[in-house]
Amino acid sequence: MEPLLFYQQRKHTIRQIFIAIAVLSVSGSMMYFFSGILSYVFFGFLFFLGSYVLLRLAVRKPTVTVTEEGIKSSGNGMGFIPWEFITGFEIKKGINFTAIVIMITDQERFFEDKTNIVTKIMHVNVKRFGTPIVLSESLFHIPLEKVKAHLEDFYTYKNPY
């Protein structure tokens, strides 16, 4: 099967570009108007951060990639999820967001290669959603119902029984 590539929603990308340009212009003008080592360091850091975000957004990379090996999310700290862990998919709605929740079999084994910060975030997801893997709607450029259908098709292709 062909890999599935999902990209960040365009409205979130435009918002991030606007914020990066605002940070660049404010930090650049502040470095010009305020002299002093602390202002150069602080506003120089902000200028570098805005430049980094703008350049990162200029190169459009997929936020979620689905292959025959598993699901890779670069939009958050979830990393790679092999198909052997996955048991199903659900769409969950929160107060201000909607997300795809990926149900997995062995949570402790899944946590083994994750960092401490990512593990703590995933434990919060377990308390809220019953699973550590939550992919926000903003990571996808198509509606979540279609994403769920694509994921289920891939899942049945990998697990025909």
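Close-up 1. Lys92 is partly exposed, its relative accessible area being 25%. Partly exposed lies between buried (under 20% relative accessible area) and exposed (over 50%), with a 1.4 Å probe and protein chains only. Glu90 is partly exposed too, at 33%. The two side chains form a salt bridge, with the closest N and O atoms 3.5 Å apart. The term requires a side-chain nitrogen of Lys or Arg within 4 Å of a carboxyl oxygen of Asp or Glu. Side chains of opposite charge can pair when their charged atoms come close. The model is predicted: local features need pLDDT of at least 70, side-chain atom pairs count only at pLDDT 80 or more, and totals for chains, interfaces and linings use all residues. Residues are numbered from 1 along each chain as its sequence is written, and side-chain values use heavy atoms, leaving out hydrogens and water.

**Close-up 2. The salt bridge between Glu84 and Arg109.** A search of the whole structure finds three salt bridges. In one of them, the side chains of Glu84 and Arg109 meet at 2.4 Å, N to O. This pair links distant parts of the chain, 25 residues apart. Glu84 sits in the loop between strand E4 (79–82) and strand E5 (86–93), and Arg109 in helix H3 (residues 107–111). Helices (H or I, at least four residues) and strands (E, at least two) are DSSP runs, numbered from the N terminus. Glu84 counts as exposed, at 55% relative accessibility. Arg109 counts as partly exposed, at 38%.

**Close-up 3. Lys148 and Glu152 in helix H5.** Glu152 and Lys148 form a salt bridge, the closest N and O atoms being 3.7 Å apart. Both belong to helix H5 (residues 144–158); because they are four residues apart there, about one helical turn separates them. Glu152 is partly exposed at 33% relative accessible area, and Lys148 is partly exposed at 24%. Beyond its neighbours within four places in sequence, Lys148 is in contact with Phe89, Glu90, Ile91 and Ile100. Contact means heavy atoms within 4.5 Å. The C-alpha atoms of Lys148 and Thr115 are separated by 27 Å, with the residues 33 apart along the chain.

**Close-up 4. Val101 in strand E6.** Val101 lies in strand E6 (residues 98–104). Val101 is buried, with a relative accessible area of 0%. Not counting residues up to four places away in sequence, Val101 touches Gly88, Phe89, Glu90, Lys92, Phe129, Thr131, Ile133 and Val134. The C-alpha atoms of Val101 and Thr131 are 7.1 Å apart, although 30 residues separate them along the chain.

**Close-up 5. The largest pocket.** The volume of the largest pocket is about 410 Å³. A pocket is an open set of points on a 1 Å grid over the protein atoms alone, with protein on both sides within 12 Å along at least five of seven lines. Its lining has 15 residues, of which Gln8, Arg56, Val59, Lys61 and Thr63 lie nearest the centre; lining residues have an atom within 4 Å of a point. Helix H1 (10–33) and H2 each supply at least two lining residues. H1 gives the largest share, three residues.

**Close-up 6. A nonpolar surface patch.** Phe45, Phe48, Leu49 and Tyr52 make a nonpolar surface patch of about 470 Å². Patch residues have over 30% relative accessible area and no salt bridge; like charges are joined within 9 Å, nonpolar side chains (Val, Leu, Ile, Met, Phe, Trp, Tyr) within 5 Å. Accessible areas come from the Shrake-Rupley method with a 1.4 Å probe. Tyr52 lies in helix H2 (residues 37–58).

Key
On a 1 Å grid over the protein atoms alone, a cavity is a set of points where a 1.4 Å probe fits but cannot get out, and a pocket is an open set with protein on both sides within 12 Å along at least five of seven lines; lining residues have an atom within 4 Å of a point. Grid points are joined across faces, edges and corners, and a volume is the space filled by probe spheres set on the points.
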